[in-house]
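Here is a briefing on one protein chain. Keep the sequence and the 3D view open while reading.

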Amino acid sequence: MIYDGLDVIERYRGLSRGLDVLIDWLGKNDPKDLPLGKTEIDGSRVFANVMEAKTKRREDARFEFHHRYADVQIDLEGEERFFTTPGATDVTVEYDETADKGHCLASEGNDDILGGTLAHGHFVMYVPGEPHMCNIVMPEAEVGPIKKICFKVISDQYWDEA
């Protein structure tokens with residue numbers, strides 16, 4: 001996971017070809033101008049999913065994971081908590097190759113849960129295979145709406161297949 005200010009995303013140039021494409025695009029475009037839905041940046045290699053979502057309580061959430069794509073997420077309106085774990089997990093929904101998604105929960109005894117707040121010009125990037133739990137309601141807040149972008153960035157090993 002990378003968690004930082006969107007204004008310094010340039011420091012991550014060179015980590016992957018797709019991330020470099022996204023960094024170039026962000027240097028020339030304002031993500032707030034994107035319409036709801038999917039916008040291709042470099043075909044199926046790098047694209048944006050702009051969505052209006054609703055936060056949820058942590059106890060109602062589960063981790064998701066991907067194999068082909070990294071997620072780079074930013075909030076446009078509202079704020080949310082997120083979590084990830086480098087520890088052991090138990091798969092609850094098997095990986096679906098077409099959707100590039102599976103779901104899991106932290107295994108019993110796995111207390112290695114990392115979290116942060118997504119809002120106010122920050123971004124979070126989850127690499128392929130990294131369990132992540134998003135759209136979690138802020139402490140002391142009520143469940144409510146957020147508007148966010150999930151940029152999908154294909155991993156280098158799949159670059160030529162896309």
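Predicted model: local features only at pLDDT ≥ 70, side-chain atom pairs only at ≥ 80, totals over all residues.

The largest nonpolar core has 21 residues. The structure also holds seven salt bridges.

**Sheet and helix**

- Eight bridges join E5 and E12, which run antiparallel.
- Within that pairing, Ala70 has Val153 of E12 as its bridge partner.

**Nonpolar cores**

- In soluble globular proteins, nonpolar side chains tend to be buried together.
- Which members of the largest core touch the most other members? They are Leu22, Val72, Phe123 and Phe151.
- At least two residues of this core come from each of these elements: helix H1 (17–28), strand E3 (46–54), strand E5 (69–77), strand E10 (122–126) and strand E12 (145–154).
- H1 gives the largest share, five residues.
- Leu22 is in contact with Ile41, Val46, Val72, Phe151 and Val153, leaving aside neighbours within four places in sequence.
- A second core is separate and has seven residues, including Phe63, Cys104, Met133 and Ile136.

- Side chains of opposite charge can pair when their charged atoms come close.
- Asp71 and Lys152 form a salt bridge through their side chains, at 2.5 Å from N to O. Asp71 is in strand E5 and Lys152 in strand E12, so this pair ties together parts 81 residues apart in sequence.
- Are the two partners buried or exposed? Asp71 counts as buried, at 1% relative accessibility. Lys152 is buried too, with a relative accessible area of 11%.
- Glu80 and Lys148 also meet in a salt bridge, at 3.1 Å from N to O. This pair links distant parts of the chain, with Glu80 in strand E6 (residues 80–84) and Lys148 in strand E12, 68 residues apart.
- Glu80 has a relative accessible area of 0%, so it is buried. Lys148 is buried as well, at 2%.
- Glu10, Arg13 and Asp24 belong to one network, joined by salt bridges that share partners.
- Asp4 pairs with Arg11 in a salt bridge, and their closest N and O atoms are 3.2 Å apart.
- The Asp4 side of that pair counts as buried, at 15% relative accessibility. Arg11, in contrast, is exposed, with a relative accessible area of 55%.

**Ser107: a buried loop residue**

- Where does Ser107 lie? Its place is the loop between strand E8 (101–106) and strand E9 (114–118).
- Ser107 has a relative accessible area of 12%, which falls under the 20% cut-off, so Ser107 counts as buried.
- A polar atom of the Ser107 side chain lies 3.2 Å from the backbone nitrogen of Thr89.
- Setting aside neighbours within four places in sequence, Ser107 is in contact with Ala88, Thr89 and Asp90.

**Arg62: a partly exposed loop residue**

- Arg62 sits in the loop between E3 and strand E4 (63–65).
- The relative accessibility of Arg62 is 39%, between the 20% and 50% cut-offs, so Arg62 counts as partly exposed.
- Which residues does Arg62 touch, not counting those up to four places away in sequence? They are Thr92, Val93, His103, Cys104, Leu105, His132 and Met133.
- Cys104 and Met133, in that list, are also among the members of the second core.
- The C-alpha atoms of Arg62 and Cys134 are separated by 8.7 Å, and the two residues are 72 residues apart along the chain.

Methods:
Residues numbered from 1 in each chain as written. Heavy atoms only, no water. Core = buried A, V, L, I, M, F, W, Y, C linked by side-chain atoms within 4.5 Å. Buried < 20%, exposed > 50% of the residue type's maximum accessible area, 1.4 Å probe, protein only. Helix = DSSP H or I, 4+ residues; strand = E, 2+ residues; numbered from the N terminus. Contact = heavy atoms within 4.5 Å. Salt bridge = Lys/Arg side-chain N within 4 Å of Asp/Glu carboxyl O. Pairing = 2+ DSSP bridges. Polar contact = N/O pair within 3.5 Å; in protein donor to acceptor, adjacent residues only side chain to side chain.
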